[in-house]
Amino acid sequence: MAYGTGGCVKKRTKKINKTPEGKNPATKNSIHHEDLALKTAAQYFGEELMPLLGIQGVVNYIAPTETVILEARQMYQDFNYVRKDGAWIHLEFESDSITKEDLKRFREYEAATSRIHHVEVITYVICSSKVKHPRTILKEGINVYQVKAVRLKGKDSDQLFKRLKENAEQGLKPSKADLVSLLLTPLMSGRLRIEERIIKSLNILQNSRELITEMELEKMQAVLYTLADKFLNETELNRVKEMIAMTKLGEMLVEDGIEKGIVETCRELGVSFDETAKKIKQRFGISEKEAREIVRKYWF
């Protein structure tokens, strides 16, 4: 099951992470942090997120994002929902301007998905770039293809924080939709620095933990941390880390750092893969399989 607002949406297929063609995930700058953050938000908070983005329809469950066409080429889409009326909502997350090649790719996704699954498909491109008028129409021959662009920079994070503050002063608690809105603040416009938006959002989430489940809180914190890792410098990121140090997510980040440190140290000292796995197993009290997976993650 994948959680949405007020409960959950049925998940019929497992989400598969993709590495876009021609993009090397080895360095921080090449990681699509916004894609990762927004996909997490889409997976766990779809019912609240869609109205915030101006997307119409009621989500029934999450749809597959992998389509195999005749030439055995796998086509990975960013996210799909199935609406109550059976139509599919296809989400693509773009941090740069929408190019002609992007539109060709989206059109290909739609055509293949529609033919294979016998459904109508509507593509929404969630844009976090500063482009005010993104390209949405592709004209080729007698055909016209169109997507719907949602500009996050067109939303004002200052207004959101102001409204939540006024509501709090009146004793009104934020709704779950309000909390999901906070996840988008680093990608919105506003006078506050991105660092300040993330810290304010984390504070509000921490003070609203009785309104959401522990898992939802962790996912929201993870989305904001992912965006912090993309946009903030080391000093600013350390401030965010200090805020979440005592949370479950903070504990996970600390453990991840310890794991990486042990593996890298052992490798530098010439300790074998198997011996390193034993040390990880003893240190964290986990199974041999889990220990070997951790070592494999940082060994190469």
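The protein chain has eleven helices and eleven strands, taken as DSSP runs numbered from the N terminus (helices are H or I, at least four residues; strands are E, at least two). Of its 300 residues, 43% count as buried, meaning under 20% relative accessible area, with over 50% called exposed and anything in between partly exposed (1.4 Å probe, protein chains only).

Residues are numbered from 1 along each chain as its sequence is written, and side-chain values use heavy atoms, with hydrogens and water left out. Because the model is predicted, local features need pLDDT of at least 70 and side-chain atom pairs count only at pLDDT 80 or more, while totals for chains, interfaces and linings use all residues.

**Contacts and cores**
- Among contacts (heavy atoms within 4.5 Å) between residues at least 6 apart in sequence, 63% join residues at least 24 apart.
- The largest nonpolar core holds 47 residues, and Tyr81, Leu91 and Ile126 have the most contacts inside it; such a core is a set of buried Ala, Val, Leu, Ile, Met, Phe, Trp, Tyr and Cys residues joined through side-chain atoms within 4.5 Å.
- Helix H7 supplies the largest share of this core, seven residues.
- Apart from that core lies another, of eleven residues, including Met75, Tyr109, Val125 and Val147.

**Helix H6**
- The axes of H6 and H8 come within 10 Å and cross at roughly 5°; axes are lines fitted to C-alpha atoms, for helices over the stretch in contact, with angles from 0 to 180 degrees between N-to-C directions.
- That makes H6 roughly parallel to H8 (under 35 degrees; over 145 is roughly antiparallel, 65 to 115 roughly perpendicular, and the rest oblique).
- On the H6 side the contact is made by Glu195, Ile198, Ile199, Leu202 and Asn203, and on the H8 side by Glu236, Arg239, Val240, Met243 and Ile244.

**Arginine 83**
- This arginine 83 sits in strand S6, residues 79–83.
- At 14% relative accessibility, arginine 83 counts as buried.
- Leaving aside neighbours within four places in sequence, arginine 83 touches Gln56, Gly57, Val58, Asn60, Ile89 and Ile122.
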